[in-house]
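I opened my notebook and went through this one piece by piece. Here is what I looked up.

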Amino acid sequence: MNYKNPSLPISKRVADLLGRMTLAEKVGQCVQFFVLPETRESIKQQIRQNGLGSRILNESNLAGALTLRIAEVEDLNELQRVAVEETRLGIPLLYGRDVIHGHRTIFPIPLSMAATFDPSAVEQAFEIAAQEASAVGVHWSFAPMLDIARDARWGRIIEGFGEDPYLAAQLAAAAVHGFQGDLNPQGYYAKGRLMACAKHYIGYGAAEGGRDYNTAEISDNTLRNIYLPSYRAAVRAGVGSVMSAFEDLNGESASGSHYLLTELLKQELGFQGFIVSDWGSISDLITHRLAADEREAARLGMQAGVDMDMCSPCYPQYLADLVEKGEILIERLDDAIHRILTAKFQLGLFEHPYTPTPAQDEKLLHRHMAATRRTAARGMVLLQNNGVLPLTKDHQKIAVVGPFADHRRPLLGSWINDGVPGETATLFEAIKAACPQAEIWTAPSELNDEILDVAARADVVILAVGESNNRNGENSCVADLRLPAGQEDLIRAAGSLGKPLVLVVFSGRPLVLTDVIRHTDAILYAWHPGTMGAHAAADILFGEVNPSGRLPVTFLRHTGQVPFHYNAKSTGRWVSEYHDVPSKPLFPFGFGLSYTTFEYSDLQLPAEVAFGQPVQVSVAVSNTGSRVGEAVVQCYLQDCVSRTTRPVRELKGFQRVLLQPGEARRIKFRLGLEELSYYGPGSQWVCDPGDFKVWVGADSNATLEGKFTVR
C-alpha cells in the first residue's frame with residue numbers, strides 16, 4: 001500500500017489512501033469528537049467501524065473557564081491503537097487541544113504578548129508551548145487567535161493581539177512559526193512542533209455590544225483592510241488549519257459562508273490547510289435560523305467550505321446521505337479529506353502514531369520558566385510614574401496588599417488547563433524574594449480595614465488590583481470597563497494615607513483607570529502575566545528590568561467611548577466630541593513609559609518615489625536618560641488623498657532598540673507597495689499616487705512628521 005511508504009511524496013500517499021476509502025470512511029475523517037467516561041466504549045466502536053478524524057482533548061465548549069487536565073498518555077495511546085490497529089486502513093487520530101498561551105509553562109496572555117511588540121518573543125513562547133504539549137500527545141493547537149478587537153467589553157480580547165492589523169499580522173506569523181516551525185524538504189513537521197489553527201475566522205471580535213457569539217456587521221472594505229491581514233499573514237506563514245467562527249456576519253453565519261471560507265480564504269488567499277468549525281458552530285446554523293435541521297446545517301457547512309465538524313452531530317449523521325443524494329458533490333468531500341489527510345501525514349502520524357511516556361526535564365523546565373519571566377516583563381506597561389519607581393531595596397517596610405496581592409490562580413488568566421497554579425508565586429511572595437532584607441507585609445484581600453491598617457504602617461504601598469481569571473475569556477463579557485466593585489474605593493482610601501502608592505493591575509483587558517490615576521504615584525499594567533508573572537513584576541518594580549511594554553490597545557477614559565481605536569477615519573466637518581468626557585483616550589495605542597527617556601529626531605525620507613518603489617524612512621533615536629533601556633520605535637502612515645475613506649494614521653513598522661545612556665542610533669523602516677496599498681474600489685488592492693505623511697515616535701500620537709509623494 002503506497003500510502004504507508006514514507007519514501008513517497010505526501011501528495012502521492014494522500015492520493016493513494018483517498019482512492020482506497022469508502023464513503024463512510026471519508027465522512028469519518030470529517031468528524032471531531034470528545035470523550036466522556038460514559039461514551040468511551042461507544043466512541044471506540046465508531047472508530048472501529050469507519051475511523052474518525054480527530055479527538056478534541058477537552059470535554060466542554062467552555063474549557064477556557066474550567067480546569068480540565070489533558071488525558072494521560074496511556075489514554076491517548078489506547079484510542080490511537082484502536083484507530084491504527086483495529087480499522088481497515090489504520091488512519092491515525094489527530095489530537096487537538098487549546099494550547100492558548102502555554103502548556104505546563106504558562107506565558108502571559110496573548111494580549112500581553114502583543115504588548116511586547118516583539119515577534120521573536122512571541123515565536124519563542126509558542127515554540128515552547130509546542131514542545132511541552134507535543135511531548136504529552138497533542139498534535140494540534142487551536143491557536144493563535146487572530147481576531148481584531150476594538151471593544152474591550154468582549155472577554156476574549158485576552159486571546160488576541162489587540163486592535164491593530166499590522167501588529168497582529170506580524171505576531172500572527174510569529175505564532176504560527178513558533179508552533180509549526182519549518183516543514184522539512186519532504187513536507188513533514190519537525191519533532192516537538194504542533195499544527196497551528198488560526199481562529200476565529202473572521203470578524204468574531206466585532207460582536208455587537210462586546211457580547212460573545214453575537215452578530216457582527218463589517219463592510220467588505222473594513223473586513224479586508226482591518227480584520228483580514230492577520231489571517232493573510234498566517235496563511236503566508238503556512239498555517240495548517242483555520243477555525244471558522246460562531247457569529248453571524250453580514251447576514252450569514254461565518255461557518256456557513258461560501259464567500260468567506262471558499263472564495264476568500266481558500267481561493268483568493270490560497271489557503272492549503274483544512275477548515276475546522278468552532279465547537280458546534282455547524283449545528284449553530286440552526287440557531288441562526290439559516291438551517292431548518294441538522295441535515296441542512298451539514299449541507300450548508302460542507303458547501304461553504306468547512307472540512308471538519310467540531311463536536312456536532314451534523315456531519316457524522318447526515319454527510320454520507322447528502323453525498324449519496326447528490327446534494328454534496330463527492331469532489332467537495334474529497335477535497336476536505338485530502339486536506340485533512342495531508343495534515344496527518346505532515347505531522348508524521350502514520351509513522352509515529354503513539355506518544356512515549358514523557359520524562360520530566362527539570363533543566364528544560366527551568367529554561368522555559370526563565371523565558372516566560374522575560375516575556376512577562378517585556379509585556380508589562382508602565383502607565384504612570386511620578387518618580388517613585390523603581391523602588392530601592394532599602395525600604396524597610398513594604399505593604400503588598402489588595403485583592404490580588406496573595407493569590408496565584410488569577411495571575412495565569414483563562415485557558416490554562418495544563419498549567420500548575422502551585423508553581424506560580426503570588427506578588428507578595430515575589431516581592432519578599434526580591435527584597436529579603438525588608439519587612440514585607442500583606443493582609444487578607446477581602447478586608448479593606450486590615451489592608452489600610454497594614455498600608456498605614458508601611459514606607460511604601462504596593463496595591464494589587466484588577467480582574468480575576470473568571471472575569472474574562474470566553475463567555476465572560478462585561479458592560480462596565482472600570483475596576484470591579486470596591487477596588488476604586490480601596491485605591492482612593494490607600495491614596496489618602498500619604499504613602500507612596502504603586503498600583504499593579506492584573507487584568508485580561510484594558511480597564512478604565514480615569515478615576516484612580518490621581519490617587520496613585522505609579523501604575524504598572526501587568527495583565528495576566530503567567531507562571532512567572534509575579535517575579536517579572538518584581539523585576540520591574542525594583543528596577544532589575546526597565547519597563548518596555550507598549551499598549552496594543554487603546555485605554556479609554558470611559559466605557560461609553562467604546563468602540564475606540566487609534567486608526568479611526570477622518571470624520572466629516574469637524575472632530576466629534578462628547579459633552580461629558582474628553583474624546584481623547586486616557587492612554588493611546590503604543591504608549592508605555594520607561595525608567596529612562598528617549599528622543600526622536602532627524603526624520604529622513606525621500607521627497608518623491610516612483611510608483612512601486614519602496615520608501616526608505618529613517619530616524620535618530622537617543623537615550624537621553626541615565627539608565628539603559630529599550631525604545632519601541634513606531635512608524636505611522638497616512639494616505640493624504642485616497643479613493644476610499646482611510647484611517648488618519650496606521651502603524652506600518654516598529655522596532656525595539658536597546659540603548660545605553662547617551663547612546664544614539666539611526667533606525668530604518670522600509671515602506672513597500674504592500675504598506676502603501678489598501679483594499680479599495682473595484683474589489684482591488686490599490687496604491688494611490690500623491691502625498692503620504694509619515695510619523696515616527698513612541699506611540700500613535702507621534703509628532704515627528706515627514707512627507708513624500710508617490711509619482
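Predicted model: local features only at pLDDT ≥ 70, side-chain atom pairs only at ≥ 80, totals over all residues.

I started with Val609, whose bridge partner in E26 is Val710. E26 covers residues 704-710, and two bridges join E18 to this strand, with the two running parallel.

Residues count from 1 along each chain as its sequence is written, and side-chain values use heavy atoms, without hydrogens or water.

Next I looked at the whole sheet. It is open, has five strands in the order E18-E26-E25-E20-E21, and its pairing is mixed. E18 (608-609) and E21 (650-659) are the edge strands, each pairing on one side only.

Then I turned to helices. The axes (lines fitted to C-alpha atoms over the stretch in contact, angles from 0 to 180 degrees between N-to-C directions) of H3 (residues 40-50) and H4 (residues 73-85) come within 8 Å and cross at roughly 35°. In contact (heavy atoms within 4.5 Å) are Arg40, Lys44, Ile47 and Arg48 of H3 with Asp75, Glu78, Leu79, Val82 and Ala83 of H4.

Last, the chain as a whole. I noted 21 helices and 26 strands. The C-alpha atoms fill a box of roughly 75 × 65 × 45 Å along the principal axes. Of the 711 residues, 62% are buried (under 20% relative accessible area, 1.4 Å probe, protein chains only; exposed is over 50%, partly exposed in between).

Note on methods:
Pairing = 2+ DSSP bridges. Helix = DSSP H or I, 4+ residues; strand = E, 2+ residues; numbered from the N terminus.
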